[in-house]
Amino acid sequence: MAALAYTLGKREINHYFSVRSAKALALGAVLLLAACHAAFRRYQGDDTCEYLLSSGRFLGEKVWQPHSCMMHKYKNSEAKNCLLDKHIAFIGDSRIRQLFYSFVKLINPQVKEEGNKHGNILSEDKSASIKVDFLWYPEVNGSMKQHIKSWTEGSTTKPHVIVAGAATWSIKIHNGSNEALTQYKINITSIAPLLEKLAESSDVYWVLQDPVYEDVLSDSRKMITNEKIDAYNEAAISILNSSSRNSKAKVKVFSVSKLIAQETIMQSSDGLHLPESSRETSAMILMNVYCNKILKPIDGSCCQPQPPLTLIQKLAFCFFALSIIGYLILSFIYRNNHRKNKPCTDMESGEEKKPVTSISPVSTLETLLHSFFKLGLIMAYFYLCDRANLFMKENKFYTHSSFFIPIIYILVLGVFYTENTKETKMLNREQTDEWKGWMQLIILIYHISGASTVLFRLNFLVVVLCIVMDRPYQFYYFVPLVTVWFMIIYATLAVWPQIVQKKANGNCFWHFGLLLKLISLLTCIYFLANSQGVFEKIFSLWPLSTCFELNGNVYEWWFRWKLDRYVVFHGMMFAFIYLALQKRQVLSEGKGEPLFSNKISNVLLFISVVCFLTYSIWASSCKNKTECNELHPSVSVVQILAFILIRNIPGYARSVYSSFFAWFGRISLELFICQYHIWLAADTKGILVLIPGNPMLNIIVSTFIFVCVAHEISQITNDLAQMVVPKDNATLLRRLLCIAGFFSGLLFLAAIQDQSRH
């Protein structure tokens, strides 16, 4: 009864929710969300710098997430590179002094907080010619005004960045009187025009006052209440924003520190000064505001303008636009002909008359244009998600629950969709699809908290994305890796002497020939793995360098290639042994039968379970990543072989598979590539935010659209592969020459583009 209900439940779900209806729903969601985000940008503004300076929230205890954009965590080398030959001035009270020290430590972590607390502090990094000064002016008064005025007049060099703010000292020495607040308004009104004048050539920030923790304030500071601080902040905001000359290019109000302090002030030792972690966050925000537009880090989308279109991108958009227009024209002509050829009714007999001419089947041209029509719309969505400033982006934040709860969900769904396999051979197609599916889903969860027709499907999407998203081929490292290994396998088997199954079955001598080829392959791999210089010289040659360089070198390609360098050899050796055992009828692959005899099966199954658990414990307890990466290529075969035997030795395990995982396995390539831009963001460094303010709902909606897009791209590439890669060798050769010409033109344009950038 339970089995019947289980089967009926699956049929009920599949009846009401098909892939076609899912894609229609995803398209509607994309259009609605794009319209909502466009309206929000239109009426609320799209200045991410403004959001960085004014709003955000904590992810966990210490990770600050600005509203709608990503904040880069600057290293001291990056900070020096950005602030080369720059002068930064902090002017204000003890809280500004704290911010000054946190900022200086981003440049030089060895700096100690020492010196006269109630005096000026000068800091200089001579290696990068960076000057960072703190000027002690605890009150907004004539003295502060005079110093600011000296920057606007005379020969004094203006700082490139000015960070100012003060109020608590005035509250303290005047015992929180209303007269002091009135005088503060007068003084800041007189200083505001000077700050605005400085802001014409420098970046000027006015830091609002952080709240205090009144319960632990000393008796001499009890008059500094949050009510008074709010009054001083309101005065500063109203005056700095009241001038008609004030605009985005003028004085910027640094109000985000107030939000940070509201969450962390209770950790303050004296109730007035913030804990170090909070000051570091404010300093990092200042660094992002100034440096993101200079260094343009991938994971720092705040304060970065939309990148301009390259020549290749413009040509790609023109191509897709022409394809869309061409398909619409062809579709209109087809429908018009269809209406003309529609059967008409004989009024006398009441029967339909057949048209004289029959409707022609869909032409190859129309199929081609239809594929590019859909692909063009999908690429537009890719561009809007990860290159335009339409949708929001956020930093990743790992928690155990965000990783393990989705894994439990997909395991439950995988078990729910368990079905019988069509065949019970070892590593049958359903089983390998299932394997690819659950591996890809785990990689995706990890990332958000990874024959000629085959080559076409592998590379088509990546090449299109390289063009549309302006990224190098090596950026999508998985596809170059699989492509190169595929070609190595093909070359190994194709070189003389070619060993086909008929020869091998007739004479065992050919088995030794194949083993010799495999040993030669292993020798070449070992040599390259231990000769980084030779490897880099080979792949640094043009045009290979264009395909395999990332950030100007091939180190990333070397690292990725080396990490799993023996896996192809292990796979080829396993296939050789499997075919040999199959020929000698050692394997029992019938339904429900163990793979070997009962005794051998039990022993191998026990050994496999022990090996699987041992490797898992070793991998999870690995402390040194570098050492583990060195061992991984040689020992990973143990885990893989153990899993294959556990999955295939028992006959009942070999006879069933999860159709849920297998469905995802059939689009695993598209899932892996598409995640870069329409599920994650900033080239996998962050998370795409379609629905702000609700992380769980955002993940559900973005994942649903992402899976639908990946499935549609899989269908498009399969359709195009049938046309681009024909079975006729002569036609295939001509088309390969055309493809080679296309890539030559692409490499030529890329070379021109690189020269224009430099």
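Tutor: Helices H28 and H29 are oblique to each other. This is a predicted model, so read every value as computed from it. Start with the geometry. H28 and H29, the latter spanning residues 695-724, pack at an angle of about 130 degrees. Their axes are 9 Å apart.

Now look at who makes the contact. On the H28 side, the residues are Glu670, Leu671, Cys674, Gln675 and Ile678. On the H29 side, they include Ser702, Phe706, Val707 and Val709. Ala710, Ile713, Ser714 and Thr717 of H29 also take part.

Stay on H28 for a moment. Isoleucine 673 sits in this helix, which covers residues 668-678. Is isoleucine 673 buried or exposed? It is buried, because its relative accessible area is 0%, and buried means under 20%. Its contacts reach well back along the chain. Leaving aside neighbours within four places, isoleucine 673 is in contact with Leu461, Val462, Leu465, Tyr476 and Val479. Take tyrosine 476 from that list. Isoleucine 673 and tyrosine 476 are 197 residues apart in sequence. In space, their C-alpha atoms are 7.0 Å apart.

Those partners lead to another stretch of chain. Aspartate 470 is in the loop between helix H16 (452-469) and helix H17 (478-494). Its phi is near 55 degrees. That is a positive value in a residue other than glycine. Aspartate 470 is partly exposed, because its relative accessible area is 21%. The cut-off for buried is under 20%. Aspartate 85 has a positive phi too, near 60 degrees. Aspartate 85 lies in the loop between helix H4 (76-82) and strand E3 (87-92).

A disulfide is a covalent bond between the sulfur atoms of two cysteines. How many disulfides does the structure hold? It holds three.

Take the one that involves H4. Cysteine 82 is joined to cysteine 291, S to S 2.0 Å. The torsion about this S-S bond is -95 degrees, and the link is left-handed. Cysteine 82 lies in helix H4 and cysteine 291 in helix H11, so the pair ties together parts 209 residues apart in sequence. Both cysteine 82 and cysteine 291 are buried. Cysteine 466, by contrast, is in no disulfide. The nearest cysteine sulfur, that of cysteine 547, is 8.8 Å away. Cysteine 466 still counts as buried, because its relative accessibility is 15%.

Next comes cysteine 69 with cysteine 302. Their sulfur atoms are 1.9 Å apart, and they form a disulfide. With 90 degrees about the S-S bond, this link is right-handed. Cysteine 69 is in the loop between strand E2 (63-66) and H4, and cysteine 302 is in the loop between H11 and H12. They are 233 residues apart. At 1% relative accessibility, cysteine 69 is buried. At 0%, cysteine 302 is buried as well.

Cysteine 303 has its own link. It is joined to cysteine 49, S to S 1.9 Å. The torsion about this S-S bond is about 135 degrees, so the disulfide is right-handed. Cysteine 49 is in helix H3 (residues 48-54), and cysteine 303 is in the loop between helix H11 (276-295) and helix H12 (311-340). The pair is 254 residues apart. Cysteine 49 and cysteine 303 are both buried.

One last stop is in H11. Arginine 279 lies in this helix. It counts as buried, because its relative accessibility is 9%. A polar atom of its side chain is 3.5 Å from the backbone oxygen of glutamine 98. Not counting residues up to four places away, arginine 279 touches Gln98, Leu99, Ser102, Glu113 and Leu274.

Technical notes
Residues are numbered from 1 along each chain as its sequence is written. This is a predicted model: local features need pLDDT of at least 70, side-chain atom pairs count only at pLDDT 80 or more; totals for chains, interfaces and linings use all residues. Side-chain values use heavy atoms; hydrogens and water are left out. Helices (H or I, at least four residues) and strands (E, at least two) are DSSP runs, numbered from the N terminus. Buried means under 20% relative accessible area, exposed over 50%, partly exposed in between (1.4 Å probe, protein chains only). A disulfide is a pair of cysteine sulfur atoms within 2.5 Å. A polar contact is a pair of N or O atoms within 3.5 Å; within protein, one must be able to donate a hydrogen and the other to accept it, and residues adjacent in sequence count only if both atoms are side-chain atoms. Contact means heavy atoms within 4.5 Å. Axes are lines fitted to C-alpha atoms, for helices over the stretch in contact, and angles run from 0 to 180 degrees between N-to-C directions. Angles under 35 degrees count as roughly parallel, over 145 as roughly antiparallel, 65 to 115 as roughly perpendicular and the rest as oblique.
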